[in-house]
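This briefing covers aromatic pairs and salt bridges. Please look over the sequence and the structure first.

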Amino acid sequence: MTDELKPWSVTASRITYEDRWIRVRSDDCVTADGTAIAPFHVLDYPDWINVIPVMPDGRVLLTREYRHGRGEIVLGLVAGGVERSDSNTGDAALAAAQRELREETGYEASTFVKLLTSYPNAASHSNAVTSWLALGLSKAGEPRFDPGEKVELLFTDLAAILGDLQSGAVIMQSMHVAALFTAESWLRTQASKGLK
């Protein structure tokens with residue numbers, strides 16, 4: 001490690017756009033060597049979660065839904081933002097994972113395993129994403145989609161979807177890919193210990 005790396009100084013900061021989904025913060029910054037960078041736009045999103053539900057037979061539950069940024073129907077994980085109401089329970093990320101699993105799939109899980117926390121894009125996003133493995137699934141009812149949301153469910157073999165990702169046959173959001181490979185590693189380690 002070197003002492004040459006230092007955080008930038010912020011000389012001014014303002015909110016240049018805000019709605020219920022995103023806040024854009026525009027900062028005037030000065031680097032450690034005195035270089036002015038202004039404005040530097042930071043996307044202030046709430047923290048996110050994603051969930052890999054594992055069925056009792058070992059299949060994983062994936063989602064398919066329209067993603068307007070790409071203009072495509074994309075395969076992915078149960079995912080969503082951490083809401084203010086999730087903070088009332090102690091572990092907001094876990095509460096969000098439980099809520100999103102129930103809302104998007106109609107399933108509940110008896111066990112949630114925290115796989116990893118990562119940054120979607122530390123260069124310009126302020127948030128983190130926490131990935132969960134959901135085990136002991138049982139159907140609790142029908143999905144309850146948000147307005148404008150429509151999710152199709154797909155049950156698949158984890159090894160098959162990882163193979164499709166590696167071959168390029170399937171393209172997913174990168175945070176979902178990281179979570180799937182981490183889940184495979186965790187499940188393999190548990191299997192080698194004789195656990196399920």
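How many salt bridges does a search of the whole structure find? The search finds 14 salt bridges, a salt bridge being a side-chain nitrogen of Lys or Arg within 4 Å of a carboxyl oxygen of Asp or Glu. The model is predicted, so local features need pLDDT of at least 70 and side-chain atom pairs count only at pLDDT 80 or more, while totals for chains, interfaces and linings use all residues. Residues are numbered from 1 along each chain as its sequence is written, and side-chain values use heavy atoms, with hydrogens and water left out.

- R25 pairs with D44, and their closest N and O atoms are 3.2 Å apart.
- This pair links distant parts of the chain, with R25 in strand β2 (residues 23-30) and D44 in strand β3 (residues 36-44), 19 residues apart; helices (H or I, at least four residues) and strands (E, at least two) are DSSP runs, numbered from the N terminus.
- R25 is partly exposed at 24% relative accessible area, whereas D44 is buried at 11% (buried is under 20%, exposed over 50%, partly exposed in between, with a 1.4 Å probe and protein chains only).
- R188 forms a salt bridge with E184, at 2.8 Å between the closest N and O atoms.
- Both R188 and E184 belong to helix α3 (residues 174-192) and are four residues apart, about one turn of the helix.
- R188 is partly exposed at 48%, and E184 is partly exposed at 24%.

**The network around R99**

- Salt bridges that share partners join E83, D86, R99, E100 and E103 into one network.
- Within the R99–D86 salt bridge, the closest N and O atoms are 2.8 Å apart.
- R99 is in helix α1 (residues 92-105) and D86 is in the loop between β7 (78-81) and α1, so the pair ties together parts 13 residues apart in sequence.
- R99 and D86 are both buried.

**Aromatic pairs**

- Rings of Phe, Tyr and Trp (its six-membered ring) pair if their centres lie within 6.5 Å; planes under 30 degrees apart count as stacked, over 60 as edge-to-face and the rest as tilted.
- By this rule there are four aromatic pairs.
- One of them is Y45 with W48, a tilted pair with 5.2 Å centre to centre and 55 degrees between the planes.
- Y45 is partly exposed at 25%, as is W48 at 21%.
- Y107 and F155 have ring centres 6.4 Å apart and planes at 75 degrees, so this pair is edge-to-face.
- Y107 lies in strand β8 (residues 107-118) and F155 in strand β10 (residues 152-156), so the pair ties together parts 48 residues apart in sequence.
- Y107 is buried at 13%, whereas F155 is partly exposed at 30%.
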